[in-house]
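Here is a short tour for anyone about to set up calculations on this chain. Please have the sequence and the 3D view open side by side as you read.

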Amino acid sequence: MQKKKNNKKSAAFLNKGNSRYDRHDSYYRRAKKDGYVARSIYKLEEIDDALKLVKRGDCVLDLGCAPGSWLQYVVHKVGSDKGAVVGIDLLEVALAFGKHVKIIQGDAFEIDPHELRPSHASEDATGPYFDVVLSDMAPNTTGIKSVDQDRSLALCEHALYLAVKMLKPGGNFCVKILEGGGIQNYVKIARNAFDTVKIKRPKGTRVGSMETYVVGLNLKPGIDPDTLW
Ligand SMILES: C[S@@+](CC[C@H](N)C(=O)[O-])C[C@H]1O[C@@H](n2cnc3c(N)ncnc32)[C@H](O)[C@@H]1O
């Protein structure tokens, strides 16, 4: 009996890279209790509370949306009367939402941006449709810092491209990025597109994790996504 208990405990404490961390930490347990499918919800909630990214009635694009805790948060926040949400991920999302939520299983690099239009937009609509673009996309990590940073940066650059292309002027953007790996240049470029750019490392970020979030507020009008870099 005692042995079983110890095994259970050691399974929850995993070695990830160089840092030992508790996979089933208080955020994990809180998410389970609150009915969220991932602990990442609390990172978005903290950023949103501080910087007011999302409001009722907004149209939100969520890049890298699986398993779906950010979707759960934004779907509730925008409401179903005027609000709408589109999510895309390589993986399937095993959650059911209303008609105002469209979830695509696909690659954000490959998808024709027109396919990302919200469910209320007609086939011939051209947008821009979104008030908020979120990206929590993360590559499969290799453990090789420079490779992981390069892959993460490529995802962030594409997220910024899609944000500038698909946000309405005045729209907001939030993207997960790994510290180091070109973050300063990334922020500089984001500043060309948004009135305000902030870096936030929410409390829910695991100790030892390299991840942080870049937030762009108020997309400037007339920015061409093809000439950002
Ligand atoms: C940390 S998870 C996102 C968690 C999510 N925000 C939530 O709260 O449930 C990162 C996701 O990025 C997705 N991803 C990575 N590369 C992608 C790509 N090229 N296109 C779409 N999704 C991608 C992964 O499949 C993974 O599900």
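Setting aside neighbours within four places in sequence, V60 is in contact with V54, V74, V78, V85, F130, D131, V132 and L134. Keep in mind that the coordinates come from a predicted model.

How many residues form the largest nonpolar core, and which of them touch the most other members? This core has 56 residues, and V60 and V133 are the ones that touch the most other members. Helix α5 gives the core its largest share, eight residues. As general background, nonpolar side chains tend to be buried together in soluble globular proteins.

**The chain as a whole**

The chain has six helices and nine strands. Of its 229 residues, 35% are buried. Looking at contacts between residues at least 6 apart in sequence, 64% join residues at least 24 apart.

As for confidence, the mean pLDDT of the chain is 90, and 90% of the residues reach 70 or more. Residues 1-20 are another matter: their pLDDT is below 50, and the stretch has 13 contacts in the model beyond near neighbours in sequence.

**Helix α5**

Helix α5 covers residues 145-166, which is 22 residues. From its first C-alpha to its last it reaches 31 Å, close to the 32 Å expected at 1.5 Å a residue. Its buried residues are D148, S152, L155, C156, A159, L160, L162, A163, V164 and M166. Because an α-helix has 3.6 residues a turn, residues three or four places apart point the same way. Which elements do the buried residues of α5 pack against? They pack against the strands β3 (59-63), β6 (130-135), β7 (167-178) and β9 (211-219), and against helix α6 (183-193).

**Around the ligand**

The ligand is surrounded by 22 residues, and the closest are S40, G64, S69, A108 and D136. By class, this shell holds 15 nonpolar, four polar and three charged residues. Helix α4 (69-78) and strand β4 (84-89) each supply at least two residues of the shell.

Helix α4 is also the place of H76. Is H76 buried or exposed? H76 counts as exposed because 12 other C-beta atoms lie within 10 Å, and the cut-off for exposed is 12 or fewer. The C-alpha atom of H76 is separated by 8.7 Å from that of R56, 20 residues apart along the chain.

**Backbone details to check**

Most residues other than glycine have a negative phi, and most peptide bonds are trans. The sites below are worth a look with that in mind.

| Site | Backbone feature | Location |
|---|---|---|
| A66 to P67 | cis peptide bond, omega near 5° | P67: loop between β3 and α4 |
| G127 to P128 | cis peptide bond, omega near 5° | P128: loop between β5 (101-105) and β6 |
| K52 | positive phi of about 55° | loop between α3 (41-51) and β3 |
| N218 | positive phi of about 65° | strand β9 |

Why does K52 count as exposed? K52 is exposed because it has 10 other C-beta atoms within 10 Å. N218, with 15 C-beta neighbours inside 10 Å, counts as partly exposed.

Notes: Residues are numbered from 1 along each chain as its sequence is written. This is a predicted model: local features need pLDDT of at least 70, side-chain atom pairs count only at pLDDT 80 or more; totals for chains, interfaces and linings use all residues. Helices (H or I, at least four residues) and strands (E, at least two) are DSSP runs, numbered from the N terminus. A residue is buried if 20 or more other C-beta atoms lie within 10 Å of its own, exposed if 12 or fewer, and partly exposed in between; C-beta atoms are placed from the backbone. Two residues are in contact if their C-beta atoms, placed from the backbone, lie within 7 Å. A residue is near a molecule or strand if its C-beta atom, placed from the backbone, lies within 6 Å of it. Ala, Val, Leu, Ile, Met, Phe, Trp, Tyr, Cys and Pro count as nonpolar, Asp, Glu, Lys and Arg as charged, and the others, Gly among them, as polar. The expected span of a helix is 1.5 Å times one less than its number of residues. A nonpolar core is a set of buried Ala, Val, Leu, Ile, Met, Phe, Trp, Tyr and Cys residues joined through C-beta atoms within 7 Å. pLDDT is the predictor's confidence in each residue, from 0 to 100.
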